[in-house]
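Have the sequence and the 3D view open side by side as you read.

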Amino acid sequence: MRNAASQRTEQGAWSGLFINGSAFNHSCVANAYWKVIGDTLVVRARTQIKKGKEVYLSYVPLAGMSRLMTGDCIERHFGYNGCPCTLCAEDRRDEPGDRDARCDRLAHAFAEIVGLIAAVLGAK
């Protein structure tokens with residue numbers, strides 16, 4: 001597990017080492033998210049987390065990254081066996097191409113929803 005964060009911005013690149021942040025385990029469907037504000041790692045819940053349940057963070061920024069880039073980041077964290085989270089374990093059980101087909105169907109459905117919303121908003 002890595003306990004560091006890094007990012008590139010218009011002002012340049014930065015890195016941070018957060019020892020307490022290393023206590024969180026990874027999940028691609030994390031129930032919390034992290035953000036660096038100044039020199040502080042802030043962790044906030046995405047969903048209600050019941051007392052005694054584990055808090056999971058995503059070690060890699062999943063939004064806006066291609067599956068290939070995400071896979072490279074995950075492999076650096078977990079090695080050849082990949083991410084141990086429930087979502088990725090289920091993905092590994094799929095036949096080759098099943099996940100891509102599911103993603104294509106979701107993207108198509110999302111585009112239809114966006115089109116319907118645009119039509120409704122345009123009609124007003």
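Two residues are said to be in contact when they have heavy atoms within 4.5 Å of each other. With that in mind, welcome to this predicted model. The protein has three helices and six strands, and their order from the N terminus is β-β-β-β-β-β-α-α-α.

**Overall picture**

- Of the 124 residues in the protein, 19% count as buried.
- The protein exposes about 9,700 Å², and carbon and sulfur atoms supply 55% of that area.
- Among contacts in the protein with a separation of 6 or more, 39% are between residues 24 or more positions apart.

- Let's start with Ser27, which sits in the loop between strand S3 (25-26) and strand S4 (32-37).
- Ser27 counts as buried because its relative accessible area is 6%, and the cut-off for buried is under 20%.
- Which residues is Ser27 in contact with, leaving aside its neighbours within four places in sequence? They are Tyr56, Leu57, Ser58 and Cys85.
- Ser27 and Val60 are 33 residues apart in sequence, while their C-alpha atoms are 9.5 Å apart in space.
- Ser58, one of the contacts of Ser27, belongs to the loop between strand S6 (56-57) and helix H1 (67-78).
- Ser58 is buried too, with a relative accessible area of 14%.
- Not counting residues up to four places away in sequence, Ser58 touches His26, Ser27, Ala30 and Trp34.

**The nonpolar core and its cysteines**

- Eight residues make up the largest nonpolar core: Cys28, Tyr59, Val60, Cys73, Ile74, Cys83, Cys85 and Cys88.
- Cys83 is in contact with His26, Cys28, Ile74, Phe78, Cys88 and Arg92, once neighbours within four places in sequence are left aside.
- How many disulfides does a search of the whole structure find? The search finds zero.
- As a reminder, a disulfide is a covalent bond between the sulfur atoms of two cysteines.

- Why are Arg93 and Glu90 separated by about one helical turn? They are three residues apart in helix H2 (residues 86-93).
- Arg93 is exposed, because its relative accessible area is 60% and the exposed class begins over 50%.
- Glu90 counts as partly exposed, at 41% relative accessibility.

**A nonpolar patch on the surface**

- Ile113, Ile117 and Leu121 form a nonpolar patch on the surface, and together they have about 300 Å² of accessible area.
- Ile117, one of the patch residues, lies in helix H3 (residues 98-123).
- Is Ile117 buried or partly exposed? Ile117 is partly exposed, with a relative accessible area of 46%.

Terms used: Residues numbered from 1 in each chain as written. Predicted model: local features only at pLDDT ≥ 70, side-chain atom pairs only at ≥ 80, totals over all residues. Heavy atoms only, no water. Core = buried A, V, L, I, M, F, W, Y, C linked by side-chain atoms within 4.5 Å. Buried < 20%, exposed > 50% of the residue type's maximum accessible area, 1.4 Å probe, protein only. Disulfide = S-S within 2.5 Å. Helix = DSSP H or I, 4+ residues; strand = E, 2+ residues; numbered from the N terminus. Patch = residues over 30% accessible without salt bridge, like charges linked within 9 Å, V, L, I, M, F, W, Y side chains within 5 Å. Areas by Shrake-Rupley, 256 points an atom, 1.4 Å probe, with all protein chains shown as cover. Salt bridge = Lys/Arg side-chain N within 4 Å of Asp/Glu carboxyl O.
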